Amino acid sequence: MPSTDRSEAIVSALGRLLPALGFERASIQKIAAEADVQPGLVHYYFPTKLAILEALVVSLSQRIEDRHGDWEDADALLHAALATGEGHDAEGVALFVALLSESSRQPAVATLLNATLQAWRDRLARTLNGDDAQAAALIATIVGMWQVGTTFPGLIPPDTAYTSAAAMRRGLT
């Protein structure tokens with residue numbers, strides 16, 4: 001396996017373990033076993049477990065940005081982020097929610113997620129003629145819907161997250 005494949009396998013392994021175990025219980029040994037590599041190889045690629053977590057935040061943020069493509073159209077972004085069905089990345093959303101939880105215990109994760117969310121807000125604000133407040137409200141709505149939908153399955157009626165968020169957006173303008 002090429003070196004980038006190994007480092008990606010290690011990061012992906014933590015991503016699979018994090019929602020079930022949390023950061024503290026996802027040991028290097030468990031990460032290595034999940035990645036199908038030796039524990040020493042994990043340390044070769046990442047000096048600390050926190051470094052793996054930081055790489056995971058960067059990787060997931062890019063995955064979400066790529067998935068939600070059109071940041072030039074706020075309604076298209078809301079639809080891509082909140083619509084269910086074909087193309088919905090439930091695993092990515094659940095992992096993002098797990099990272100939000102970890103951010104309350106891991107300052108480095110909080111710093112990375114804060115930078116990611118600020119970048120998303122700034123990018124969306126450009127679409128909304130520089131309206132930072134509306135962009136922040138929409139990002140908070142997306143992340144809030146993800147968190148509630150993941151934490152309390154069934155609370156948000158099927159196929160209503162997008163329509164609710166779109167109605168809220170129309171009320172903001």
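Averaged over the chain, pLDDT (the predictor's confidence in each residue, from 0 to 100) comes to 86, and 94% of the residues score at least 70. This is a predicted model, so to speak: local features need pLDDT of at least 70, side-chain atom pairs count only at pLDDT 80 or more, and totals for chains, interfaces and linings use all residues. Residues are numbered from 1 along each chain as its sequence is written, and side-chain values use heavy atoms, with hydrogens and water left out.

Helices here are DSSP runs of H or I, at least four residues long, numbered from the N terminus.

Now look at helix α4 (residues 49–67) against helix α6 (residues 90–103): they pack at about 135 degrees, axes 11 Å apart. Axes are lines fitted to C-alpha atoms over the stretch in contact, and angles run from 0 to 180 degrees between N-to-C directions. The pair is therefore oblique, the label for angles that are not under 35 degrees (roughly parallel), over 145 (roughly antiparallel) or 65 to 115 (roughly perpendicular). On the α4 side, L53, L56, V57, L60, R63 and I64 meet E91, G92, L95, F96 and L99 of α6, where contact means heavy atoms within 4.5 Å.

Helix α6 also packs on helix α8 (residues 132–151), their axes coming within 9 Å and crossing at roughly 100 degrees. That makes α6 and α8 roughly perpendicular. Here V93, A94, F96, V97 and L100 of α6 touch V143, W146, Q147, T150 and T151 of α8.

Conventions. Helix = DSSP H or I, 4+ residues; strand = E, 2+ residues; numbered from the N terminus.
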